[in-house]
Amino acid sequence: MNQATVGQLARQACHWEATAPKPGNVHPQAAFTDTRYEDFTLSAEAIIPAMDAASSLGVGQTVFQAVTATRSVVTTNTNLGLILLLAPLAAVPRHEALISGVKLVLDTLTSEDSRLVYAAIRLAQPGGLGNADHQDVQDDAPDHLLDAMRAASCRDLIAQQYCQGFSNLFNQVSPWIHEALECGWTLSDSIVHAHIRCMATHPDSLIARKCGVPLAQESQGRAQAVLACGAPSTPNYQQALQELDQWLRADGHRRNPGTTADMIGAALFIGLRHGTIDSCLSFP
């Protein structure tokens, strides 16, 4: 088992996710008008204390403290979705198995967890949230957070993880990264390829919220076209990846696949926590 603290593992996962040149996202060579790579590295550092204390704080307090700490160092929402995914995982004590442990964490969420998560979402001010007919975050928090997650699960992949015991992360995304590394691919290529696989499997929730479901489905089809080109080492794959990146960055970065990036960050945390991803790996 990796001897780093939970907070350190969370920081490393966040740092790796932000560093890999994933199409449509911020990374060291690509920024948005209001968000730079440095904002993500500062955010990764800021959440360490909350994630370290998650097993005693509980999910709601962890989310609220991590969002509060993030807002103290950056002015935009860099990591709300990732915090929502990391908090239940970080709340599992290190001596417990992660898969069964996170199910127990989710089963024992309280009304206070719900209140604090709603407060954190309002503080983070995520883009494209809009209004919902039921369980709107501007309303009072429901007694059970999972009720809100169930109501949103049909349109939000992060909410879906809460309702399904994080099954997509455990059974798909984290293994995809591990499989790519086992093939001898670089850390960067492995993360980017898993990002494409996730986009190709699940239409990105943030794109759907900002641009509509049809455009999210189009992004899914474009990611599938990249996968059809073969391995990352092939010229056809690289050309298709570049074209996808350009398309995602059009329209003022509104097509940013931010939910997919959050899934990648959480999957990296799982791999680091399980030891299936070597923490000593690095980028060129």
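Helices are DSSP runs of H or I of at least four residues and strands are E runs of at least two, numbered from the N terminus. The model is predicted: local features need pLDDT of at least 70 and side-chain atom pairs count only at pLDDT 80 or more, while totals for chains, interfaces and linings use all residues. Residues are numbered from 1 along each chain as its sequence is written, and side-chain values use heavy atoms, with hydrogens and water left out.

**View 1. The second largest pocket.** A pocket is an open set of points on a 1 Å grid over the protein atoms alone, with protein on both sides within 12 Å along at least five of seven lines; a cavity is a set of points where a 1.4 Å probe fits but cannot get out, and lining residues have an atom within 4 Å of a point. The second largest pocket has a volume of about 210 Å³, a volume being the space filled by probe spheres set on the points, which are joined across faces, edges and corners. Its lining counts 13 residues, and C154, R155, D156, P203 and S205 lie nearest the centre. Two or more lining residues come from each of α10 (157–163), α13 (205–211) and α14 (213–227). Helix α14 gives the most, three residues. By class, the lining holds six nonpolar, five polar and two charged residues (nonpolar: Ala, Val, Leu, Ile, Met, Phe, Trp, Tyr, Cys and Pro; charged: Asp, Glu, Lys and Arg; polar: the others, Gly among them).

**View 2. The salt bridge between D156 and R209.** D156, one of the residues nearest the centre of the second largest pocket, forms a salt bridge with R209, and their closest N and O atoms are 2.7 Å apart. D156 sits in the loop between α9 and α10 and R209 in helix α13, so the pair ties together parts that are 53 residues apart in sequence. A salt bridge here is a side-chain nitrogen of Lys or Arg within 4 Å of a carboxyl oxygen of Asp or Glu. D156 is buried at 15% relative accessible area, whereas R209 is partly exposed at 30% (buried is under 20%, exposed over 50%, partly exposed in between, with a 1.4 Å probe and protein chains only).

**View 3. The salt bridge between E45 and R11.** A search of the whole structure finds nine salt bridges, and E45 with R11 forms one, with the closest N and O atoms 3.2 Å apart. E45 belongs to helix α2 (residues 37–46) and R11 to helix α1 (residues 6–19), so the pair ties together parts 34 residues apart in sequence. E45 is partly exposed, with a relative accessible area of 43%, and R11 is partly exposed at 30%.

**View 4. The buried residues of helix α2.** In α2 the buried residues are Y37, D39, F40, S43, A44 and A46. These buried residues pack against α1, α3 (48–52) and α5 (59–71), where contact means heavy atoms within 4.5 Å.

**View 5. The largest cavity.** The structure holds one cavity of 30 Å³ or more, and the space in the largest cavity is about 30 Å³. Its lining consists of V67, T70, R71, T76, N77, T78, N79, L80 and A124. Helix α5 supplies the largest share, three residues. Three of the lining residues are nonpolar, five are polar and one is charged.

**View 6. Q161 and its contacts.** Q161 lies in helix α10 and is buried, with 0% relative accessibility. Apart from neighbours within four places in sequence, Q161 is in contact with L85, L106, F166, S167, N168, L169 and M263.

**View 7. The loop between α15 and α16.** H253 lies in the loop between α15 (235–249) and α16 (258–274). Phi of H253 is near 65°, a positive value in a residue other than glycine. H253 counts as buried at 19% relative accessibility. The side chains of R254 and D251 meet in a salt bridge, 2.9 Å from N to O.

**View 8. Q125 and its backbone.** Q125 is in the loop between α8 (111–124) and α9 (145–152). Its phi is near 50°, a positive value in a residue other than glycine. Q125 is exposed, with a relative accessible area of 57%.
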